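Reader: I've got a sequence and a fold to look at, and I'd like to talk it through. Can you walk me around?

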Amino acid sequence: LDLCKEEYIVGLSMLGGEPMHPKNISGSTKLAKMFKERYPEKSLWSWTGFTYETIKDYEIFNYLDVLVDGQFKKDLFDPRLHWKGSSNQRVIDMKETLKNIIYVKKTE
């Protein structure tokens, strides 16, 4: 986290392994929370092979700015896509998604 203090660092990306895996989600959530508490103005992105709908109750979504969900599929690969590798994946603005939800508070 200390390395992220530099002005030229504009955010943090959490990706594979698998940050949303049941064995990793607790640590991923702690990291996300500490990052956003320390650097609220910096963006926090995460990539996961899970779909948002299957993990939507995770506390980590309170801290993420963007989630890229869905498994990478080689047959759907498209190098023209932004921030994702295959067309089945989605880039989700988490702040916008959570606007209509009262709270997200599942403990992992």
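What follows is a set of questions and answers on a predicted model.

Reader: Which residue is the bridge partner of L12 in β2?

Author: β1 covers 11-14, and β2 covers residues 43-47. These two strands pair in the parallel sense over four bridges. In β2, the partner of L12 is L44.

Reader: Moving across, what stands opposite W47 in β3?

Author: β2 and β3 run parallel, joined by three bridges. W47 also belongs to an aromatic cluster with W45 and W83. Its opposite number in β3 is V68.

Reader: Which residues of β3 point the other way from V66 and V68, and are they buried or exposed?

Author: In a regular strand, side chains alternate between the two faces of the sheet. Strand β3 runs over residues 66-69, with V66 and V68 pointing one way. Buried means under 20% relative accessible area, and all four residues of β3 are buried. The pair pointing the other way is L67 and D69.

Reader: What is the bridge partner of V66 in β4?

Author: β3 and β4 run antiparallel, with four bridges joining them. Strand β4 takes in residues 90-93. The partner of V66 there is D93.

Reader: On to charges. How many salt bridges does a search of the whole structure find?

Author: Side chains of opposite charge can pair when their charged atoms come close. One of the pairs here is D2 with R38, at 2.6 Å from N to O. Another is R80 with D78, at 3.0 Å. For the whole structure, the search finds six.

Reader: How many residues apart in sequence are the parts that D2 and R38 tie together?

Author: D2 lies in the segment before β1, while R38 is in helix α1. D2 counts as exposed at 53% relative accessibility, and R38 is partly exposed at 43%. Their salt bridge is 2.6 Å, N to O. Because D2 and R38 sit in those two places, the pair ties together parts separated in sequence by 36 residues.

Reader: Which residues are linked with E53 in a network of salt bridges?

Author: E53 and R90 meet at 2.6 Å, N to O. E53 lies in helix α2 and R90 in strand β4, so this pair ties together parts that are 37 residues apart in sequence. Both are partly exposed, E53 at 46% and R90 at 31%. The network links E53 with D69 and R90.

Reader: In the R80 and D78 pair, which residue is buried?

Author: The two side chains meet in a salt bridge of 3.0 Å, N to O. R80 is exposed, with a relative accessible area of 67%. At 17%, the buried one is D78.

Reader: Now the rings. How do the rings of F72 and F77 pair?

Author: The structure holds five aromatic pairs. In this one, the ring centres are 6.2 Å apart and the planes are at 70 degrees. Planes over 60 degrees apart count as edge-to-face. So the pair is edge-to-face.

Reader: Which residues is F77 in contact with, leaving aside its neighbours within four places in sequence?

Author: F77 is found in the loop between β3 and β4, and it counts as partly exposed at 49% relative accessibility. From F77 to S87, 10 residues along in sequence, the C-alpha to C-alpha distance is 6.6 Å. The contacts of F77 are F72, G85 and S86.

Key: Residues numbered from 1 in each chain as written. Predicted model: local features only at pLDDT ≥ 70, side-chain atom pairs only at ≥ 80, totals over all residues. Heavy atoms only, no water. Phe/Tyr/Trp six-rings, centres within 6.5 Å; stacked < 30°, edge-to-face > 60°. Buried < 20%, exposed > 50% of the residue type's maximum accessible area, 1.4 Å probe, protein only. Salt bridge = Lys/Arg side-chain N within 4 Å of Asp/Glu carboxyl O. Pairing = 2+ DSSP bridges. Contact = heavy atoms within 4.5 Å.
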